[in-house]
Amino acid sequence: MKVAEAVGRALTAAGVGHVFGVVGSGNFHLTNAMVAAGSRFVAARHEGGAATMADAYARMSGTVAALSVHQGCGLTNAVTGIAEAAKSRTPLIVLAAEVTEPTSNFHVDQDALAHAVGAVTARITSARDAAGQAGDAVRRALYERRTVLLNVPLPVQLLDVPEGPPPVTAPPIAPAAVEPSAADVTALTGVLEGARRPVFVAGRGARPPGCRDALAALAERYGALLATSAVARGLFHGDPWSLDVSGGFSSPLAAELIQGADVIVGWGCALNMWTTRHGRLIGPRTTVVQVDDDASALGVHRDVSLGVTGDVELTARRALETAGAPRRGYRTTDLAAAVAARVRWRDVPYEDTGDRERIDPRTLSIALDDILPDERVVGVDSGNFMGYPSMYLSVPDHYGFCFTQAFQSVGLGLATTIGAALARPDRLPVAALGDGGALMGAAEFDTVRRLGLPMVVVVYNDDAYGAEVHHFGPAGHPLDTVEFPPTDIAAVARGHGFEAVTVRTPADLKAVEDWVAGPRSAPLLVDAKVVRDRGAWWLEEAFRGH
């Protein structure tokens, strides 16, 4: 057995069931070995798309995924997707062939490249240790929540593994959940006992099974309102005290209630500038608590009154065990009625600015929310439009929304939704893109069609990079560099085997209703010509972060 085969077998045996990539000479044998061992290979049309598919699959499946790339240029093509995964602490193995001769045209410093975007590195160094080193990489990715570049030098791939019993590789054993200290639990319950208007904000660390129920029970005991960061959207879907997302996407009522909190507890949540609107959602006398199983994450983005090192579910359950009598907290009858009537963006009144040529994105999004099945998984690209699908399209739970926005890169949305669709095949995948992102990622239209995904791709098409238009336009700057002639994206999609419809008015959405009714034999693209008269409500907030 060659090292390439041993590495592929070991990765599959360690629990890597899906590998995404573009195969070249350097990763040919590695990828085929994984397929032969039982992993599913998903061929993308570009390594950048493959990286984001793998990232999204890992997020939505709760498992580690792999990206397989050719040495040098295959890796550089994937760097943006790898950066997004690394910044999001996605458990991902980047399986990369590697040349060792500096004179090779494929030579780059692959370690430096990975470190530059926040990934960590490992290397297969010998035939004897190959399987063990591959298993160690999976263990690190999964339980340290890291994106790991596993370099496999070409000369090492060709070595023969020593004869003898094959190395035993199995899925790594999960470490024990981090138990909070008794003192920290006492301090947390002490803060909650004194709270009159508590708000819980749950983040990525609250997505594992069991966390939702534990947090909801503790919130009920203390009368806390519930919110999430954008990446955890849907966690409290259906709870009558849910405010949906905290941060730039918050509705006016949600923002008002979060600002009015006297205690905010971040559960597995970074409480960064996006989730707190640069701190403006936190009152000057608000007590801020952060709970995270990684002590180094506490207080990184803002000072906290109390930092608790512990697993989210365990900490919530320990606090509930020591909690006092139930308290009303923020949960009054009047507030319940207000939350039910006004916390969703679709319930906030607006002036429809659509006409015969262009549809208002709010009108479009509300109509799609009503037309599309409730069991959906929504992937969103970056751009001026992104708040509309993120907040107007409801999702059934935290596995219904895939938000690859840690790097704020345009062009990842379609690949995001492909990866999410493969992880959640029981749901209708909905990709929400701007025209810029749709055309950047258009190569993966072929992947959607080839995989037979019953996907709806909605393009919020304003013929521009709308964020830049609305950011720089009011100051009188020339906009020729960020505006484009109209593109018939529906025609582009048809060329890839999609059904497609151009939407200018609500009446044009009848074609979407017909597609949903069946048989859905081909994916559907909606080229929605949206009004371009104003920037999205969250845009000013976004540019504060630059």
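# Close-up views of a predicted model

**View 1. Leu 215, a buried residue in a helix.** With a relative accessible area of 0%, Leu 215 counts as buried, because buried means under 20%. Please keep in mind that the model shown here is predicted. Leu 215 sits in helix α10, which covers residues 211-222. Setting aside residues up to four places away in sequence, Leu 215 touches Phe 200, Ala 202, Ala 206, Leu 226, Phe 236, Trp 267, Val 312 and Ala 316. For a sense of scale, look across to Asp 508: its C-alpha atom and that of Leu 215 are separated by 43 Å, with the two residues 293 places apart along the chain.

**View 2. Helix α3, mostly covered.** Helix α3 runs over residues 47-61 and has 15 residues. From first C-alpha to last, α3 reaches 21 Å, close to the 21 Å expected at 1.5 Å a residue. How many of the residues of α3 are buried? The count is 14 of 15. After the helix comes Gly 62, with a positive phi near 75 degrees.

**View 3. The largest nonpolar core.** In soluble globular proteins, nonpolar side chains tend to be buried together. Here the largest nonpolar core holds 53 residues, and Leu 67, Ile 82, Leu 414, Val 457 and Leu 525 touch the most other members. Helix α3 supplies the largest share of this core, 8 residues. Apart from this core lies another, of 42 residues, including Ile 366, Phe 401, Val 458 and Ala 536.

**View 4. Around Leu 67.** Zoom in on Leu 67 and leave aside its neighbours within four places in sequence. Its contacts then include Glu 47, Ala 50, Ala 51 and Ala 54, as well as Ile 82, Val 94 and Phe 20.

**View 5. The largest cavity.** The model has 2 cavities of 30 Å³ or more, and about 60 Å³ of space lies in the largest. Among the residues lining the largest cavity are Leu 75, Val 79, Ile 82, Gln 110, Val 117 and Thr 147. Elements α5 (79-87), α6 (110-116) and β6 (147-153) each give two or more residues to this lining. What kinds of residue make up the lining of the largest cavity? They are 10 nonpolar, 2 polar and no charged.

**View 6. The second largest cavity.** This cavity holds about 40 Å³ of space. Its lining is formed by Val 201, Ser 246, Ile 258, Ile 264, Leu 271, Thr 275, Thr 276, Leu 281 and Ile 282. Of these lining residues, 6 are nonpolar, 3 are polar and none is charged.

Technical notes: Residues numbered from 1 in each chain as written. Predicted model: local features only at pLDDT ≥ 70, side-chain atom pairs only at ≥ 80, totals over all residues. Heavy atoms only, no water. Helix = DSSP H or I, 4+ residues; strand = E, 2+ residues; numbered from the N terminus. Expected span 1.5 Å × (residues − 1). Buried < 20%, exposed > 50% of the residue type's maximum accessible area, 1.4 Å probe, protein only. Contact = heavy atoms within 4.5 Å. Core = buried A, V, L, I, M, F, W, Y, C linked by side-chain atoms within 4.5 Å. 1 Å grid on protein atoms, 1.4 Å probe; cavity = no way out; pocket = protein on both sides within 12 Å on 5 of 7 lines; lining within 4 Å. Points joined across faces, edges and corners; volume = space filled by probe spheres on them. Nonpolar A, V, L, I, M, F, W, Y, C, P; charged D, E, K, R; others polar.
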